[in-house]
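Have the chain open beside you and take a slow look through it.

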Amino acid sequence: MAAATGAAAAKPSVVICGGGIIGAATAYYLARNGGPEVARRVTVVEREAPACAASGKAGGFLALDWNDTSPVGPLARLSYGLHPRLAADLLAELGRDVGYRTVNTWQVVGVESVPAGVKGGRLKGSEALPGWIDGNVLGSSEMGDTESTAQVHPALLTRALLDSAVAAGARLVTGCVQGLQLERAEPEQEPEGAERGQRVTGVVVDGRVLPADVAVVALGPWSDAARAWLEGAAAPGAVPHITGQKYHSVVLRPEQPVTNDMLFTGFKYASGRTVEPEVYPRPDGTVYVCGEPQALPVPPSPAEVGVEAALVDNIRRVAGSLASCLKEAPVEAQQACYLPCAPDSLPVIGPVPGADGVFLATGHTCWGILNAPATGLVMAEMILEGKAKSVDVRPFAPARFVRGAAAAGARR
C-alpha cells in the first residue's frame, strides 16, 4: 500500500474477501493490534459460511520444522509458536476450545493384504506404536514428537478468530465478492519514483460497493478470480494463476479411545495401488482421515465441491486396515476440499504491484492451517505499519510473478 499520512491512513477501511482461516486470522490481528478504531473499520465478506471450504475440512496438523529446507521455514516456525498462544487467548477470551494439543507423529507402512506366509497384524519394527494401531502394519518410524508436532481443529479455530474480531468491532458480511472498484491514483498517493497506477476504493459484493482503502483477497483457490478483477491495473503477471488440489476426508468416531498419535502412511491396496492417506486422532474422540489427491478444476463455489463415494470408501478401507477400531467406526462426516496452490507452490502474501491497497493472501497448499496465524499477523503489520515486521515475507510477494522480475533479479 502506498505510504500516506494522517488519521485516514493510520486507520484504513479494510475489506477482507474470504471467511476462511487466512481471512479470519487477518481480521483477528487487525483488531487485536489496531484496537477498537481499526476493528470497527474491518469487514470480512464470506459467500457461504465461515470455514465452509478447506478451513473447515482440513486436518489441522502442525509441524515446527518440516518446512525448514523451504523459504516457508521461518514463516512456519513463527506460526507454529503462535498456535498455542492463540488457543490459550481464545479460551480465555471466548471460552472456546479450538482443539489444540501437541502430538506424536509416525510414518507407517501398511497393506490391505498381508503377504503370503506372513502373519497378519503388526510386525517387528512397529512395536513402538500405540495399541489401537493393531492392523496390517509392516513397519514404522518416528517423524515428530510433542516438541515438534501438534494439531488444531481448523473449523473451531477459524470461527473463534472471526468471533473475536467481531466482538472487537469488525463486521462479518454474507455475500459474493464480484470484483474490485479501482480508481486512478493521484500523484500524492504514489510512492516517490513509482509509476502511476490505480488504487482500490471498494469491493463489489452482490452488485453493491463496500468502500475500502484496503482489499485483502484471501479466497483460497477462488483467489484466482483476482486475475480478472485486476486485469489492466496490476503489473503484468503480478496476480498469479491460483489452482486447487482436491482432497477427500472422513471423520470417524471409534468406540474405543485413541491416543494423540498422527499417522502418515504408505499403504498398498490388494490391487497393488499405493496411496499415502493421513490419520489424525482428535481430542474430541474422533479420527480424521484424508487422502486421494486429485488435480481438478476448481468449481465455481465451495457449495459445488462434490464428494465421490468411491474415494471416501477407499480412505475408510485404509483406516480399517491399519486399526480395527476404525473399520466399523460410525462416519460423522465425509467431505472434500481444494487446497490453493500458486505456480511455484509457495504462498502468495503481500501487496499487488500497480494496484495500491490490494493485497493477496493465498496459495498456502497443505500448510494453510499451520501458517495462517503468521500470515494474518504479517498482513496486519503490512496494512497498519507499512511493512511486515515479525518475519520476512519477501519470498512470497506477488511481485515475484511480475513479468521480467526473474530476469531483473538475475541481472542484479
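Predicted model: local features only at pLDDT ≥ 70, side-chain atom pairs only at ≥ 80, totals over all residues.

From helix 2 come Ile 21, Ala 24, Ala 25, Ala 27, Tyr 28, Ala 31, Pro 36 and Ala 39, and they touch Leu 157, Thr 158, Leu 161, Leu 162, Ser 164, Ala 165 and Ala 168 of helix 5. By residue type, this contact of helix 2 with helix 5 holds 13 nonpolar residues, two polar ones and no charged ones.

How are the two helices set against each other? Helix 2 covers residues 21-39 and helix 5 covers residues 154-168, and they pack at an angle of about 20 degrees. Angles under 35 degrees count as roughly parallel, so helix 2 and helix 5 are roughly parallel to each other. The crossing of helix 2 past helix 5 is left-handed.

| Helix pair | Packing angle | Axis separation |
|---|---|---|
| Helix 2 and helix 5 | about 20 degrees | 8 Å |
| Helix 4 and helix 9 | about 90 degrees | 7 Å |

Angles of 65 to 115 degrees count as roughly perpendicular, so helix 4 and helix 9 are roughly perpendicular to each other. On the helix 4 side, the contact uses Leu 75, Ala 76, Leu 78, Ser 79, Tyr 80, Leu 82, His 83 and Leu 86. Helix 9 brings Ile 369, Leu 370, Asn 371, Ala 372, Pro 373, Ala 374, Thr 375 and Leu 377. The residues of this contact of helix 4 with helix 9 divide into 12 nonpolar and four polar, with no charged residue.

Leaving aside residues up to four places away in sequence, which residues does Leu 78 touch? They are Ala 374, Leu 377, Ser 390 and Val 391. Ser 126 is 48 residues from Leu 78 in sequence, and their C-alpha atoms are 33 Å apart in space.

Now zoom out to the domains. The domain assignment gives domain 1 as 14-97 + 153-186 + 195-240 + 343-401, and domain 2 as 104-145 + 243-341. Their C-alpha centres are 30 Å apart. Across the boundary, 21 residues of domain 1 are in contact with 24 residues of domain 2. Between them, domain 1 and domain 2 bury about 1,900 Å², and 68% of that lies on carbon and sulfur atoms.

Terms used. Residues numbered from 1 in each chain as written. Heavy atoms only, no water. Axes fitted to C-alpha atoms, helices over the stretch in contact; angles between N-to-C directions. Helix = DSSP H or I, 4+ residues; strand = E, 2+ residues; numbered from the N terminus. Parallel < 35°, antiparallel > 145°, perpendicular 65-115°, else oblique. Left-handed = near helix turned anticlockwise from the far one by under 90°. Contact = heavy atoms within 4.5 Å. Nonpolar A, V, L, I, M, F, W, Y, C, P; charged D, E, K, R; others polar. Domains from an automatic or database assignment. Buried area = accessible area lost by both parts, 1.4 Å probe.
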